[in-house]
Amino acid sequence: CAMRICGWHIDGFGVFAGCTVEDLPPALTIVHGPNEAGKSTMLAFVRGVLFGFPDGRSSERRYPPLRGGQPGGRLLIEADGLGWVVERSGSPSHLTVTLPGGSLGSKDDLSLLLGGADKELFRNIFAFSLEELSEFHALQGEQVRERIFATPVIGAARSPSEAVRALDSRRARLLKPRASCEINELKKLL
């Protein structure tokens, strides 16, 4: 399903407290402002609501409420013309998913809404900072492809080309047409 963020309410997150935005237009949204205006904080909020806020064990920056409010907030999301609300609050973060029609959903419903995208895919494709974009700019064509597709296809930190090399190596150990390999050794035992 096609999903878009229509707005948000931040109870307390970094420099934001009681901040509400509604009715974002159905187009690309770019957050622009001077240094220290809260752009990175806003991006971290969106990622945190969708995928969970970092805890004390994480190396990711945490954003305790500096101006009051309870930690967390909610995103207003539209998917296929229907309204959802995804809310996280507290530490550790507590997730509430409100489905179209008002009934409560689950983490699985959120995963379906996100099309199975995980935090890394979301960061690499859908919501990235200027710093992350500049990292992308430094990559060459094949490296960009690998960074985009590595997470959903292979999993943590393995590039598609690494996976292909590993599979080729494993195939070579298993089967070589006129040479010593595992399958030919097993054939001799028959």
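This is a predicted model: local features need pLDDT of at least 70, side-chain atom pairs count only at pLDDT 80 or more; totals for chains, interfaces and linings use all residues.
Modeller: A word on the ground rules: local features need pLDDT of at least 70 and side-chain atom pairs count only at pLDDT 80 or more, while totals for chains, interfaces and linings use all residues. Residues are numbered from 1 along each chain as its sequence is written, and side-chain values use heavy atoms, with hydrogens and water left out.

Biologist: Happy with that! What makes a set of residues a nonpolar core?

Modeller: The members are buried Ala, Val, Leu, Ile, Met, Phe, Trp, Tyr and Cys residues joined through side-chain atoms within 4.5 Å; buried means under 20% relative accessible area, exposed over 50%, partly exposed in between (1.4 Å probe, protein chains only). The largest such core here has 24 residues, and Phe45, Leu50 and Leu75 have the most contacts inside it.

Biologist: Why is the pair of phenylalanine 13 and phenylalanine 53 called tilted?

Modeller: Rings of Phe, Tyr and Trp (its six-membered ring) pair if their centres lie within 6.5 Å; planes under 30 degrees apart are stacked, over 60 edge-to-face, and the rest tilted. These two centres are 5.4 Å apart with planes at 35°, so the pair is tilted. Both phenylalanines are buried.

Biologist: And what makes the pair of phenylalanine 13 and tyrosine 63 stacked?

Modeller: The centre-to-centre value is 5.0 Å, and the angle between the planes is 25°. Phenylalanine 13 lies in strand β1 and tyrosine 63 in the loop between α1 and β3, 50 residues apart; helices (H or I, at least four residues) and strands (E, at least two) are DSSP runs, numbered from the N terminus.

Biologist: Which residues form the aromatic cluster?

Modeller: Phe13, Phe45, Phe53 and Tyr63.
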